[in-house]
Amino acid sequence: MIEHLPVLTIAVPLIAAPLCVFLLNRTLVYLFALAVCWATFGMSILLLDQVLESGPISYELGSWPAPYGIEYVVDYFSAFVMLFVSGIGAVVLTYAPQSLNDEINPSKHYMVYPMYLLCMTGLLGICITGDLFNVFVFLEISSLSSYALISLGRSRRAPLAAFQYLVMGTIGATFLLIGIGLLYQLTGTLNMADMAMQLADDHDSRTTLVAFAFMTVGLSIKMAVFPLHTWLPNAYTFAPSVVTGFIAATATKVSVYAFIRIVFGIFTPQFAFDEHALDTFLVVFSLIGIFVASVAAIYQGNLKRMLAYSSIAQVGYMLLGVSMHNLDGLTGGIVHMFNHAIIKGGLFLVVGCFALRLQSVRLEDLSGAAKTMPLTALAWVLGGLGLIGVPLTAGFISKWLLLTAALENGYYLVAALMLASSLLAVVYVWRVVEILYFSEPSEAAKSAREAPWSMLLPTYALILAILVFGVWTTYSAGLASEAASSLLGGTP
Amino acid sequence: MTLTPSSLIVLSLVLPLVVFVLIGLFGKLANLRDGLTLILSSVLFYVVCCLADGVFAGGRPELSLGDMLPGFSIAFSIEPLGMVFALVASGLWIVTTVYAIGYMRSHREHHQTRFFACFAMAIFAALAAAFSANLFTLFVAYELMTISTYPLVTHHGTEKAKLGGRTYLGVLLFTSIAFFMMAIGWTWSVAHTLDFQLGGILREACQSGEIQNWQLMLLLALFAFGIGKAALMPFHRWLPAAMVAPTPVSALLHAVAVVKVGVFSVLKIAIYVFGIDLIRETSISDWLAYTAGFTILLASLVAMTKDNLKARLAYSTVSQLAYITLGAALATPASVMGSGMHIVMHAVGKITLFFCAGAIYVATHKTDISDMRGLGRAMPLTMGAFFIASISIIGLPPGGGAWSKWFLALGTVETSHYFLLAVLMISSLLNIAYLLPIPIRSFMKPKTGETLPFKEAPMMCVLPLCLTAIGTLVLFFVADALYLALLPITEVVK
Amino acid sequence: MDIDMVLGLYNYWIVIVLMMTGFYIVIARGNLIKTVIGLNVFQISVFLLYITMGRVDGGTAPILHETASADQAYSNPLPSVLILTAIVVGVATTALALALIVRIREDYGTIEEDEILILDRES
């Protein structure tokens with residue numbers, strides 16, 4: 001049993017998803033999906049435990065030996081990402097029922113859970129697979145289900161936002177497909193490790209470069225790198241709160257994961273950074289993205305849209321870390337995937353609490369809400385401190401690592417700009433804090449009640465995780481560092 | 001009962017946290033809450049005193065909580081300067097707690113639980129900063145201090161409080177993230193360590209040419225301006241802005257804990273990161289000395305124009321803090337000694353002045369100096385204390401401040417900065433001009449001719465300020481003990 | 001570049017023309033249905049790319065047959081298999097996109113993007 005764990009982690013939610021449709025009772029569906037989510041989380045923990053104990057696991061699907069069959073690879077990096085994707089998936093689903101009741105027509109609920117499970121399956125699949133075509137398939141599984149989930153939003157603009165995301169996302173995925181095709185043409189294999197070996201002496205060919213370019217651009221769309229981010233703000237704003245919470249915390253990070261895998265696992269840093277200056281492009285676009293998106297966030301009147309722009313900025317920090325291509329930088333980038341996942345997940349859950357009680361997430365309706373919803377407001381403050389990167393929160397850890405990595409490389413200007421940009425986060429986070437605490441209560445806020453415990457507890461689980469992982473980093477920065485060193489060491 | 005020094009460190013750091021938790025738990029029971037705070041703060045002071053015994057006898061207790069990140073650990077190691085600062089902070093916490101109870105209750109302030117809880121957190125941050133063994137720990141404590149005092153500054157929740165809080169947080173976070181953090185990262189990248197060491201950790205990098213003199217100067221600037229809590233101009237705006245807070249906050253935090261964490265950090269970095277010999281040999285700090293001198297004069301001049309008592313005291317604080325920065329910048333044994341002593345002298349003196357301002361407000365609701373004529377007849381104890389503390393701040397015997405200013409003056413002479421010596425002299429005159437008229441005029445007849453009835457603030461407000469006023473006098477006579485305690489930090493390591 | 005090469009790469013030229021046509025439709029057209037059609041054209045060009053690369057010169061269909069000689073070359077079947085998966089994905093995408101368009105039309109009464117944006121600005 002235990003040796004089939006890698007495939008079970010994918011198969012269980014995948015098979016459970018269609019089964020959900022047959023359980024017609026709403027509560028039953030929910031409980032079933034919840035159980036599956038937590039079971040998946042449990043399996044991810046077991047996987048990580050195995051990896052920590054005995055090193056990376058390779059699992060051959062259907063016993064077809066790699067590179068002919070599909071291989072699942074669980075190493076530090078994939079186990080780490082799977083852990084937080086499934087963990088956040090479980091926590092957000094625990095939070096979901098009351099928020100969904102409020103925002104989605106009950107008759108559609110039985111559709112939400114299967115799609116949610118499919119989305120999680122796709123994201124986990126991208127992490128675990130060692131086969132490049134599989135990455136595309138899982139990417140499309142997660143994307144298609146997330147388009148559908150986003151379109152369920154209360155506003156009539158939700159379907160349009162989902163459609164725009166669909167068009168952008170499909171272009172991105174198709175670009176990836178082109179890149180995969182070209183690489184296959186060149187190497188005759190789809191197994192990533194095998195491909196890296198075949199490619200090692202074929203770095204000069206134009207096909208390699210074209211494939212690399214297509215894959216980079218394709219994934220950049222999925223990662224929402226500036227200026228390919230245009231789909232993200234609308235998608236996050238109009239999706240149901242629960243969906244935004246899950247997708248914002250996980251989807252872009254898994255795309256970053258895929259990008260790191262492709263750059264470090266297939267093409268090697270020498271090819272990407274030394275021969276083709278990807279690092280310069282990444283640094284420039286990341287920094288522009290961080291500044292533009294942070295400034296845009298400052299001017300938003302809608303809390304969800306504000307956080308969406310902040311997400312675009314935060315992806316910039318992850319890519320900055322990748323572009324440093326030294327141990328500290330990559331560690332910083334990877335650990336920021338985790339830290340930002342819990343921070344942004346937590347904050348979107350807070351927004352969901354406001355949406356439930358105030359029926360709006362516009363800033364003017366939020367004014368003075370701290371008086372009637374003190375715990376929710378406090379959660380915003382703590383999560384916001386994490387987003388700013390104040391010491392003793394998780395955000396600080398990643399910022400610190402990125403700073404030392406930049407200085408180690410002698411990128412003084414980058415370090416200075418990075419720190420300056422994080423001050424913009426102070427502005428947009430604190431603007432909300434002031435509105436919550438110092439403004440005269442709005443009509444909605446006066447009559448509001450504190451959010452229900454069933455939502456507050458999961459929210460605080462993530463918020464407290466921000467504080468815990470700001471002090472205790474064995475399983476965040478420690479694992480990220482292991483993952484980074486194996487990524488850097490695994491390349492010739 | 002004998003405890004090892006490192007368990008004493010644990011105890012002294014845990015106690016404020018325990019207070020924080022207990023206050024949260026017993027928030028509804030005001031008497032129990034305040035009683036517990038009083039008892040535990042006294043216990044804390046006792047623990048810190050026990051630690052001080054060992055440290056002043058030459059011990060250097062250490063405690064490491066392990067790596068927060070690979071290579072960056074949260075660790076504590078006590079040296080005399082930090083010990084002195086911890087003594088001041090924990091000792092004055094007791095006095096301030098008494099005062100705050102009297103002040104908050106007679107004002108019927110709301111959110112008292114949050115108030116006292118944040119207070120305890122700020123004390124924790126102050127102690128953690130005082131005991132820090134490396135820059136990383138210092139930075140973490142420094143930022144914790146900023147965050148934990150924000151709710152205190154904005155305590156009243158009014159529009160004015162919001163704006164004050166915005167300036168407070170804006171300036172302090174901006175400087176610390178943009179400059180201080182950058183400086184720490186830079187130090188790490190050239191020195192490959194962040195541990196405080198007597199004689200500094202940068203000498204090697206400097207000799208090997210890894211860091212040029214002009215870069216060293218830039219690094220010092222990043223530190224000096226990055227530590228916004230030291231209120232060096234032009235990053236001093238937060239301090240007057242923070243005066244919207246209730247007076248006990250201004251007293252303990254904005255005369256003692258917060259600002260002293262700032263100047264303490266500057267001093268500590270000068271001594272233990274750069275090393276005072278290195279600073280003197282390379283003369284990278286001349287500009288800093290003159291910036292500090294400029295701040296001293298300008299802040300004093302601004303203070304003279306302020307009619308609001310707390311605002312005047314705030315600018316006076318800005319000016320006095322620059323003395324300490326000046327001592328660090330001059331980097332001679334005497335000037336460093338002067339700075340170290342001034343941390344104590346100014347703390348006790350300024351807290352008295354703020355207590356007085358608060359007591360006047362409690363008793364008469366007056367905030368403007370121009371309204372205080374004749375007030376001394378109604379509040380003789382308060383105004384008497386104000387007078388004594390003013391003497392100390394100005395630097396006249398028998399106020400403790402005389403000693404610290406003497407050593408600072410010695411430092412300017414040693415380094416032949418006669419212009420700065422003149423600055424110190426002029427500044428003392430300015431101090432006289434903006435502080436002494438307040439108590440003197442208060443003992444004159446009121447303009448209207450009617451005498452105010454005797455009406456002191458409540459006992460719990462008046463008693464602490466009398467104590468600290470006497471404290472300034474006592475410090476004048478026990479200054480040699482302080483001198484001996486601080487002597488190790490002036491040692492020159494070759 | 002002689003005529004043989006131009007003709008020999010015939011499939012690839014078609015792929016590029018189709019790809020750019022599809023891409024242009026997606027970018028330039030405001031009608032949502034036309035956007036979806038453009039997306040389909042774009043995807044189909046990639047299917048062609050895969051199928052083209054699977055073809056081996058002189059190869060037959062990859063089916064083992066007793067009459068085949070030992071040195072018989074076969075076309076690579078794997079790209080075709082991959083593209084079957086990609087076609088399924090493409091169909092799913094199209095279906096979802098059309099479903100979304102139906103919802104958009106129910107809500108707005110139009111499927112022209114600029115008209116929808118005007119309606120949104122008015123509301």
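1. Sequence separation of contacts in chain C: if you take contacts (C-beta atoms, placed from the backbone, within 7 Å) between residues at least 6 apart in sequence, 49% of them join residues at least 24 apart. Keep in mind that this is a predicted model, where local features need pLDDT of at least 70, side-chain atom pairs count only at pLDDT 80 or more, and totals for chains, interfaces and linings use all residues. Residues are numbered from 1 along each chain as its sequence is written, while chains are lettered from A and ligands numbered from 1 in the order in which they are written.

2. Helices here are DSSP runs of H or I with at least four residues, strands are E runs of at least two, and numbering starts at the N terminus.

3. The C-alpha trace spans about 70 × 35 × 15 Å along its principal axes.

4. Burial in chain C: 24% of the 123 residues count as buried, meaning 20 or more other C-beta atoms, placed from the backbone, within 10 Å of the residue's own.

5. Chains A and B: 26 residues of chain A are in contact with 21 residues of chain B. On the chain A side, helix 17 (394-408), helix 18 (412-438) and helix 21 (477-489) each give two or more residues, and helix 18 of chain A gives the most, with eleven.

Methods:
Contact = placed C-beta atoms within 7 Å. Buried ≥ 20, exposed ≤ 12 C-beta atoms within 10 Å, placed from the backbone.
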